[in-house]
Amino acid sequence: MTGRAWVELDVEAVRANVRTIRRVAGAEVLAVVKANGYGHGAVDVARAALEAGAVGLCVATADEVVALRAAGLAAPLQLLGAALDDELEAAAAARASLTLTEPEGLGRLRALARRLGRRLDVHVKVDVGMHRVGVPPEAAPALARAIARDPDLRLAGLMTHLQAPRDVERSRAQVGAFAAVARRLARAGVRPPQVHAAASAALFKVPEARFSHVRPGIALLGLDPEGAIAATGAALAPALALRARVVSTSQVAAGEAVGYGARWTAARPTRLALLGLGYADGLPHGLTGKPAHALLQGRRCPLVATVMMDGVLVDVTDLERPPVRGDVATLFGRDGAAALPLEEVAAQAGLIPYAVSCGLGARLGRVVFDRAAAARAA
């Protein structure tokens, strides 16, 4: 039972996006499934990505490592970024590779390996301009060589994170600084098995950033903020839809103020439908007063009045058939031939798309479907 509101994940869209990324990048794919797969469901996204050829997974917290392992995913898994000591231990115990983000961290990783009684896989993260975490480029070669020589550690990779992938010139300069570190290591006979710099936008827009591996997150899910990916000619398939049922309908006269704060007044006799989700479910409150819509019967219907905690009102006056309780509305995704992109919804709310998808509420139902499997069964 899906209840009054739910999200739908199309796993074949994820597979198709991974195949597109592999074709464009010509590199191996490390699928980033942090933040519950950007709100899409980490386990299902991870499985689909691996089925389509991804060779590993990346997450941001030790809890995410443990959850993926508990779900039976045995693929190579990297804990990205900075971590507290207890997080490092939990991730290492779950057989994840770790990331060295500061020179002082090397001693902690050595001590952890000795405490666990086995070698740990370590990626060295180089800071080429983000200035969030990472070791300076001038210090990275010596640290990587030290890990490669250490009996308690194994050099699993060299990585960086680009600051502004849509700024191609800035990105090229940062990629150049990172590539120089890799060349210095190669001259010393150290060649990490994974070298990765490009996340979603960079792997499409900055070919120089495609090293042995790429690290897509939002591109797995068909999201394309600001059209950065579409501008390259690549086509991604949106993987997520948000739907809600009509829970009641009403009629108001022209001139009547509606909803909290009386922010909206009917300009004509108006039929309204109340949808069963609100900002507690992740529908942005910032859509209040914006030219936002829901899809009903394959048509765009305006959201009106204040987005509430548990509901939102829609003007359905112009629909050919008056909606009834239980009818399904789409807040983003497709409804037949009509589409309402998540990117559009986010822009109207003043947000980035993955802030919307990551904010989808826990009480939403979850539906996973597989278009490819359904087509094979038909």
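Select Tyr38 to begin: at 11% relative accessibility this residue counts as buried (under 20% relative accessible area; exposed is over 50% and partly exposed lies in between, with a 1.4 Å probe and protein chains only). The model is predicted, so local features need pLDDT of at least 70 and side-chain atom pairs count only at pLDDT 80 or more, while totals for chains, interfaces and linings use all residues. Residues are numbered from 1 along each chain as its sequence is written, and side-chain values use heavy atoms, leaving out hydrogens and water.

The ring centres of Tyr38 and Tyr354 are 6.2 Å apart and the planes stand at 90 degrees, so the pair is edge-to-face (rings of Phe, Tyr and Trp, the last by its six-membered ring, pair if their centres lie within 6.5 Å; planes under 30 degrees apart are stacked, over 60 edge-to-face and the rest tilted). Tyr38 belongs to helix H2 (residues 34-38) and Tyr354 to helix H11 (residues 353-358), 316 residues apart. Helices (H or I, at least four residues) and strands (E, at least two) are DSSP runs, numbered from the N terminus.

The structure holds two aromatic pairs. For the other, select Phe178 and Phe211, an edge-to-face pair with 5.2 Å from centre to centre and 85 degrees between the planes. Phe178 is buried at 0% relative accessibility, whereas Phe211 is partly exposed at 22%.

Finally, select His40, in the loop between H2 and helix H3 (42-51). His40 is buried, at 3% relative accessibility. Beyond neighbours within four places in sequence, its contacts (heavy atoms within 4.5 Å) include Leu9, Leu221 and Arg366.
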